[in-house]
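Student: I have a new structure to go through. Can you walk me through it?

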Amino acid sequence: MKETPALYDYWPYQNRPKIRWPNGAKLAFWVAPNIEFYELNPPLNPHRKAWPQPSPALPGYTIRDYGNRVGHARQMNLLEKYGIRGSISLSTALCDHHPEIIELCKERNWEFFSHGIYNTRYTYGLSEDQEREMILDSIATIERHTGIKPAGYLAPALSHSEVTLDLFAEAGGSYTCDLFHDDQPTPVRTRSGAKFISVPYSLEMNDTIAYAVNKVEPRRYGQMIKDNFDRLYEEGDTSGTVMCIPTHNYQVSCPHRMKAFEEALEYITGHSDVWVTTGREIADYFIDHYYDAVTADIVAKQEI
Amino acid sequence: MPLDSEYLQYPHRRYGMDHDRYDWSMLSDRNPVSWPNNNRLALWVNVCLQFFPLDQKGKPFPVPGGMTMPYPDLRHFTLRDYGNRVGIYRFLQAFDKYKVKPTFALNTRLAENNPYLLHSIMERGDEINCHGLHMDALHYGGQDINEESELIKRSLGRLRDLTGRDIRGWLSPARNESANTPELLAANGIDYFSDWCNDDMPYQFRTDKGLLWAMPLSNELEDRFILMENLHSEEAYVEQICDACDFLLQESETQGGRILALNLHPWMLGQPHRIKKLEQVLEYVTSQEGVWSASAGDILSSFCGQQP
């Protein structure tokens, strides 16, 4: 085991090269709906239990199924109302289980990125070959069902190994959502040396973290989103920032939470200098326009 | 040591669900329904009347809301008992004031122990469902099927004897089940159950002993979940129910009738500092146009009458 992940260098949040998003936007805003499939009775992983109760673990399983049966269409309609294309963190087995959802998202030109096969199959304990097989399976599944090879990765249930990002970069990916160290995209060091970056995907704004872990009240969650936006928008004047709301169709789409979420989306999209975009578009734009300058700046700051 | 290769095999990776209990279907694809008198939102107020034994065994886990202190845990026993002595009568007054028609989910042991309370409920003519034997008689994965079969037979049989009614609906204590619970319920004359909270509308659930209806009793909107699990404020409870009511009414304009299911516990909302919050919720919801307060059984009958 390592003392640090050694995936990136220290890069202070001051005197950075100035980033401007397309059309002079100060903030790149993206929404990442996690569309997941949790199994009723997954095989046991010795490192992490899928469910607290012996199968059938109804509370956990049923609310997640609710997300796909009921919540997805609600969230999709809401994002559409505010001109937001989702960047889907996809349990790729869902392509087989619920192709209707895939079709609806394809019709809307949403982005699909890999979130593993099932959210009840963890990376823990996989050999490097097994993990590669799982990642390649997920990439091929998305490409087969959507015609487009995914660019991004969020490890299933945020379960990682030491080589997770190496493997995804080697498979041709260009960005990861697994790191929470910054409010701007940053280069990530992988063993192949490919241009590979982290796109900010906020755990603090993640509805499951807010609702299920931190037990936040819905209207407070809405206020947290607005406050998060206000500060990143203001700082984006100095150099462009990224704001992400990671969602789950079983959290934010419940009837008692829709109002607070809608108010937050209305607020954010009501600002002029916001680039409403997708994870992939942020990654591509950053790599094309700022990757080299940022890399040089990071190198320079190591020498002080 | 890598994981067994089975860990990367996916035997249920196929169209639909990863089990055969029900069909996969998106709510937005289903035929719209309408409630009697062109109402758009059915209000299902479900009151859990529970008995938490002092000598809790906690098998396979201590039930949420149960005893947490060394025996005898008088603090939690009496706090829960408070609901059945005091809180419930505050509830009944509130229901009458706002003309709400509740549905009661009773632990059979409570009905046995408190004939006065059972009589009060019976006299009102409201629907009574079975909520299992008591809050320490759980149904769980790995439970011996004969033991569970006896438990269900006894819970239902005794409640049917005490009430003289046929008892159509079921809610498992802690909403916990074994893999056999649905079959055992169907075999014992249950028509609908509310343990699977994966929809906002009723749907058909397969068992080897025939079909059940799954009724959507939201866990997320339950008083105990919001106040005790999430530790939200009483004000936030009211906001969340009112926001849900607004949203479902709005959705019903384009997608047909919806159900607002409120699962309540008199030991929780029946406290003096909380009862007003329940009254505010009932006042708000019942004053909206298009709201139909009905029992779970009546909502299901209306729904079934509109299915092809």
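Tutor: One term first: two residues are in contact if their C-beta atoms, placed from the backbone, lie within 7 Å. Next, the source: this is a predicted model, where local features need pLDDT of at least 70, side-chain atom pairs count only at pLDDT 80 or more, and totals for chains, interfaces and linings use all residues. Residues are numbered from 1 along each chain as its sequence is written, while chains are lettered from A and ligands numbered from 1 in the order in which they are written.

Student: How many residues of chain A are in contact with chain B?

Tutor: 39 residues of chain A are in contact with 46 residues of chain B.

Student: Which helices of chain A supply at least two residues each to that side?

Tutor: Helices H1 (58-81), H2 (94-97), H4 (128-146), H7 (218-235) and H8 (258-269) of chain A do. Helices here are DSSP runs of H or I, at least four residues long; strands are runs of E, at least two long; both are numbered from the N terminus. H1(A) gives the most, with nine residues.

Student: How do the residues on that side of chain A divide?

Tutor: Into 18 nonpolar, 10 polar and 11 charged. Ala, Val, Leu, Ile, Met, Phe, Trp, Tyr, Cys and Pro count as nonpolar; Asp, Glu, Lys and Arg as charged; the others, Gly among them, as polar.

Student: Switching to H7(A). What span should its 18 residues have?

Tutor: H7(A) should span 26 Å, and its end C-alpha atoms are 26 Å apart, which agrees. The expected span is 1.5 Å times one less than the number of residues.

Student: Which residues of H7(A) are buried?

Tutor: Pro218(A), Tyr221(A), Gly222(A), Ile225(A), Phe229(A) and Leu232(A). They cover an arc of only 100 degrees around the axis, which puts them on the same side of H7(A). That arc is taken from the directions from the helix axis to the C-beta atoms. Buried means 20 or more other C-beta atoms within 10 Å of a residue's own; exposed means 12 or fewer, and partly exposed is in between, with C-beta atoms placed from the backbone.

Student: What covers the buried residues of H7(A), and what is on the face turned away?

Tutor: The cover includes S1, helix H6 (207-213), strand S8 (241-248) and H8 of chain A, together with helix H7 (234-255) of chain B. The face turned away from the buried side carries the exposed residues Asp227(A), Arg231(A) and Glu234(A).

Student: And helix H3 of chain A, which residues are buried there?

Tutor: In H3 (residues 99-107), Ile101(A), Ile102(A) and Cys105(A) are buried. Their arc is only 100 degrees around the axis, which puts them on the same side of H3(A). Exposed Glu103(A) and Glu107(A) sit on the face turned away from that buried side. Just after H3(A), Asn109(A) takes a positive phi of about 60 degrees.

Student: Which other residues have a positive phi without being a glycine?

Tutor: Asn23(A) has one of about 60 degrees, and so does Asn38(B). Asn23(A) is in the segment before S1 of chain A; Asn38(B) lies in the segment before S1 of chain B. Asn23(A) is exposed, with 8 other C-beta atoms within 10 Å. Asn38(B) counts as exposed too, with 9 C-beta neighbours inside 10 Å.

Student: Where are the cis peptide bonds?

Tutor: One runs from Ser55(A) to Pro56(A), with omega near 0 degrees. Pro56(A) is in the loop between strand S1 (27-35) and H1 of chain A. Another runs from Lys59(B) to Pro60(B), also with omega near 0 degrees. Pro60(B) is in the loop between strand S1 (41-49) and helix H1 (74-97) of chain B.

Student: Now chain B overall. How many helices and strands?

Tutor: Chain B has 10 helices and nine strands. Its radius of gyration is 20 Å, close to the 19 Å that the globule rule gives for 308 residues, so chain B is as compact as a globular protein of that length. The radius is taken over C-alpha atoms, and the rule is 2.2 Å times the number of residues to the power 0.38.

Student: How much of chain B counts as buried?

Tutor: 46% of its 308 residues.
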